[in-house]
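Trainee: I would like to learn how to read sheets and helix packing in a model. Could we work through an example?

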Amino acid sequence: MKKVTNNKNNPINSNSSSTSNYSSTSNSSSTSNSISIPTSNSISIPTSNSISIPTSNSISIPTSNSRSSRRSSRRSSRRSSRRSRRSSYNISKHILINFKTSDFNFTVPKKLIPNKPRIDNDKVRLMVLNRDNMSIDHQYIYNFNNYFVNGDTLVFNNTKMYKYILYGKKEKTGDNIQVYLLREVNKKEKSWEVLVQPARKIRIGNRLFFLDENNEKMLAVVHDNTISKGRILKFNSDLPNKEFKRKINHLGKIQSDIYTDFKNSFLDLSKMQTIYAKKAGSTSPHFPGLHFSKLLLKKLELQGVNFSYITLHLGTNTYEKILVEDLQKHRMKEEYFNIPIKACKLINSSLKSQKKVCAVGTSTLRALESSVSTYNTLNPNKKWTNKFIYPYYKFNIVNSILTNFHPPKSTLIPLLSSFTGYEFLMKAYDIAIKEKYKFYNFGDAMLIL
């Protein structure tokens, strides 16, 4: 065996497994025991793993096995780096998971929950939340126009409510039933998705009938079940579709407030429609729109504020509370919306000019955010949406919203929380209770800028 020397001029064998300035010319260096050659600087030649020559600067000569080890180390490092990037990328997702339904719970005193509309809209109070400076201002709805200027756009939901509760009987037994019309499934077949009470007594094939004041029967057959514990009901009627809906509207009733216990309180339909309601199809009034009077709209128009109209037919999403603790597991029922080209042009123009685009109501906001292009502009659309918005959703179209004060654990609280920030919204609701703002459908209004 030759002595290994520390000589810079010593040539290195190109076929050697070593890439150092030191080489061993004998295969005996790969013995089972390490061979030590004492010099002024002790030189240790380990076994097949590596050759270590401790000098003033320790030098490691890797062998073929250490190359494999090195590759493994690099792979491990890359995997660790990827995990780190994924962890960093999913930080918002991790925070999201920490938000539970119970975080959106609070108590509203019953005395703050009215069960009928106000006669005088001017008495509606308006809480104004400014997200830029985190301020809260107390106004009345007649001052709403003061927060908008020429070129801003207000987006209204022009849906119209119909009388969606039918009282009937089972044909065979004569048992009383209630049918809640949710949405029209097929116009030609006159089939509707409905909820029935008591549900346990209503099965596929059951025949139901409904009587008008002249004791004329309208028959229907339970055609199918739905995944949301509802039924598909087919009405046996030869009437044209418009006349059929007129008949349904004549037979039906509306309930004043499904959030509360006023179960036997029914109101005149005319008092539950907005002044701009046009397209029939909702089972619920568009409550934020009820705050607008003709005078208020005229003041906004004179200021140069644009009015844009879209349609989203409200279903039971408005009433439902979240029943699961994990927000990500909640599923919204689908609702139909229509955004015309004219509305898109007005809204996109305001966005381009960095003006306000104010959604009147959470239903309007959900429709707009369900039709966003890849360029973050609004697309015209006609489709169904089950969009559920919760922290930390990034809003693309809407930059301000007018809404009411909503119930705890409803789908609307996480939506507003994602718009304002959780702490700011909870603070506002706490102040609203202390200041005796009215809550829910016929309550006061909140404007978020």
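Mentor: We will take the sheets and then the helix pairs of this predicted model.

Trainee: What is the general idea behind strand pairing?

Mentor: Strands of a sheet pair through backbone hydrogen bonds, in a parallel or an antiparallel sense. Here, six strands close into a barrel, in the order S9-S10-S11-S14-S13-S12, with antiparallel pairing. On average, neighbouring strands of this sheet are turned by 45 degrees against each other, direction ignored.

Trainee: Which helix packs on that sheet, and which strands are touched?

Mentor: Helix H3, residues 241-251, packs on the sheet. H3 touches S9 (165-170), S10, S11, S12 (207-211), S13 (217-225) and S14 (231-236). The direction of H3 makes about 100 degrees with that of S13.

Trainee: How many bridges pair S10 with S11?

Mentor: Seven bridges pair S10 (residues 176-186) with S11 (residues 191-197), in the antiparallel sense.

Trainee: What is the strand order in the open sheet?

Mentor: The open sheet has nine strands in the order S6-S5-S21-S20-S18-S7-S16-S17-S19, and its pairing is mixed. S6 (135-140) and S19 (381-385) stand at the edges with a single partner strand each, so one side of each has no neighbour in the sheet. From one strand to the next, the twist averages 20 degrees.

Trainee: What joins S17 to S19?

Mentor: Five bridges do, and S17 (residues 335-339) runs antiparallel to S19. Asn338 stands opposite Lys382 in S19. Helix H6 (residues 362-369) packs on this sheet and touches S7 (153-157), S16 (306-312), S17, S18 (357-360), S19 and S20 (400-404). The direction of H6 makes about 85 degrees with that of S16.

Trainee: Now the helix pairs. What describes two packed helices?

Mentor: Two packed helices are described by the angle between their axes and the distance between the axes. H6 and helix H7 (residues 412-420) pack at an angle of about 65 degrees, with axes 11 Å apart. That angle makes H6 roughly perpendicular to H7. H6 passes H7 in a left-handed crossing.

Trainee: Which residues make the contact of H6 with H7?

Mentor: H6 contributes Thr362, Leu365 and Arg366, while H7 contributes Leu412, Leu415 and Leu416. By class, the contact of H6 with H7 has four nonpolar residues, one polar and one charged.

Trainee: Where do the axes of H7 and H8 stand, and is their crossing left-handed or right-handed?

Mentor: The axes of H7 and H8 (residues 422-434) come within 7 Å and cross at roughly 120 degrees. The crossing of H7 and H8 is right-handed. From H7, the contact is made by Ile413, Leu416, Ser417 and Thr420; from H8, by Tyr422, Phe424, Leu425, Met426 and Tyr429. By class, the contact of H7 with H8 has seven nonpolar residues, two polar and no charged ones. Leu416 is listed both in the contact of H7 with H6 and in that of H7 with H8.

Key. Residues numbered from 1 in each chain as written. Predicted model: local features only at pLDDT ≥ 70, side-chain atom pairs only at ≥ 80, totals over all residues. Heavy atoms only, no water. Pairing = 2+ DSSP bridges. Helix = DSSP H or I, 4+ residues; strand = E, 2+ residues; numbered from the N terminus. Axes fitted to C-alpha atoms, helices over the stretch in contact; angles between N-to-C directions. Contact = heavy atoms within 4.5 Å. Parallel < 35°, antiparallel > 145°, perpendicular 65-115°, else oblique. Left-handed = near helix turned anticlockwise from the far one by under 90°. Nonpolar A, V, L, I, M, F, W, Y, C, P; charged D, E, K, R; others polar.
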